[in-house]
Amino acid sequence: SVFQDVIRGRIIKDGGLKALIEMLSKSERHMQIEVVKSMVNLTLSSEESQDAFLDNDLIPKLVGIVEDRQVDQLQEYSSMALQNLAMSPELNNSIGENGGVKASLTMLQHSQTDKSRVHSARLLHRLAINGAARKEFQKTGGSKLVNQAMLATKDNAIKEDLNLALENMSIPTFDVEDHQPVGDEFIEFKEFEFDDQDLDDLKDMTIPDSEFHKKPFI
C-alpha cells in the first residue's frame, strides 16, 4: 500500500504518523528501527502531508537520533527519512533550524562503515540547498570531517557522495538579492544565494544517481 502516494497520505491523515512517533518514544531500540523504517516510507509522501511532519515534532526527533553517537541502523534510517523530507523547501529549513547540519557531521565523525558515511553525506548535500545550512557547515569546519571520511574509505562511489556533499556545502553564501543564478550545473550557482524559485531545479541537481531509497521498503 505504501507504493501509492494517496495511501501514504491517508495513513498520515488517519493518525498513522502520530502513532509511529509515540512508538518511537516508548519502544526499545530494536523496535525503534522498525518504526523509523516505516517513517522512511511515509516521508515519501507529497507536499500535501508536510504540515503533519511539522506539527508532530517529527523532525527534531529524527535529528536527535542522527546526532546520537551510537551509529547503527536507527541512525541510518532516520537520516534517510530526513533526506526525503528535505526535498520540501519548508521542511529543509526546519531540518536546518533543528540542527540537521551538526547532527549529520556528528554522525559522519563517528561512522565506522561506508553505509553510515553515505547516509550522512547525502543528508548534507540535500541541506546544501539552504544558504544558512552551508554557512553553518563552513563555520563549524565541516569540510575537515568530510575530507577525513573520504580518507577512511577505499570505495570510489562513497568518495563521490562525500565529495558531492563537500562541493555543495562549500558554495559561498552572499547576501546579494539582485543576482539570479544562471547555468545548468549546481556548481555554477556558487556565487549566488538561491531564491525559492530556484529550489525545484536545484534539488534535482544535488541528488546522485546512486540514491537508493526512492522506493518504499516492502
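Colleague: Buried means under 20% relative accessible area, exposed means over 50%, and partly exposed is in between (1.4 Å probe, protein chains only). Which is Asp55, buried or exposed?

Modeller: Exposed, because its relative accessibility is 63%. Keep in mind that this is a predicted model: local features need pLDDT of at least 70, side-chain atom pairs count only at pLDDT 80 or more, and totals for chains, interfaces and linings use all residues. Residues are numbered from 1 along each chain as its sequence is written, and side-chain values use heavy atoms, with hydrogens and water left out.

Colleague: Where is Asp55 found?

Modeller: In helix H4. Helices (H or I, at least four residues) and strands (E, at least two) are DSSP runs, numbered from the N terminus. In space, Asp55 lies 9.7 Å from Lys18, C-alpha to C-alpha. In sequence, the two are 37 residues apart.

Colleague: How many helices and strands does the protein chain have?

Modeller: It has 13 helices and zero strands. Of its 218 residues, 48% count as buried.

Colleague: And what does the pLDDT average?

Modeller: It averages 80 over the protein chain, and 78% of the residues score at least 70. pLDDT is the predictor's confidence in each residue, from 0 to 100. Over residues 176-195 it is below 50, yet this stretch has 37 contacts beyond near neighbours in sequence. Contact means heavy atoms within 4.5 Å. Residues 197-218 also have a pLDDT below 50, with 53 contacts in the model beyond near neighbours in sequence.

Colleague: New topic. Which residues are buried in helix H7?

Modeller: Leu91, Asn92, Ser94 and Ile95, in a helix that covers residues 89-97. Down the axis of H7, the buried residues fall within an arc of 160°, so they line one face. That arc is taken from the directions from the helix axis to the C-beta atoms.

Colleague: Why do residues three or four places apart point the same way?

Modeller: An α-helix has 3.6 residues a turn, so residues at that spacing point the same way.

Colleague: What do the buried residues of H7 pack against?

Modeller: Helices H4, H5, H6, H8 and H9. Just after H7 comes Gly99, with a positive phi of about 90°.

Colleague: Which residues have the most contacts inside the largest nonpolar core?

Modeller: Leu82 and Leu85, in a core of 49 residues. A nonpolar core is a set of buried Ala, Val, Leu, Ile, Met, Phe, Trp, Tyr and Cys residues joined through side-chain atoms within 4.5 Å. Leaving out residues up to four places away in sequence, Leu82 touches Ile59, Leu62, Val63, Val66, Ile95 and Leu123.

Colleague: Back to single residues. What is the place of Ser45?

Modeller: The loop between helix H3 (29-42) and H4. Ser45 counts as buried because its relative accessibility is 11%. A polar atom of its side chain lies 2.7 Å from the backbone oxygen of Leu42. Neighbours within four places aside, Ser45 is in contact with Asp5, Arg8, Gly9, Ile12 and Phe53.

Colleague: And Arg117, is that buried or exposed?

Modeller: Buried, because its relative accessible area is 8%. Arg117 sits in helix H9. Among the residues it touches are Leu108, Ser111, Gln112 and Ala149, not counting those up to four places away in sequence.

Definitions and conventions:
A polar contact is a pair of N or O atoms within 3.5 Å; within protein, one must be able to donate a hydrogen and the other to accept it, and residues adjacent in sequence count only if both atoms are side-chain atoms.
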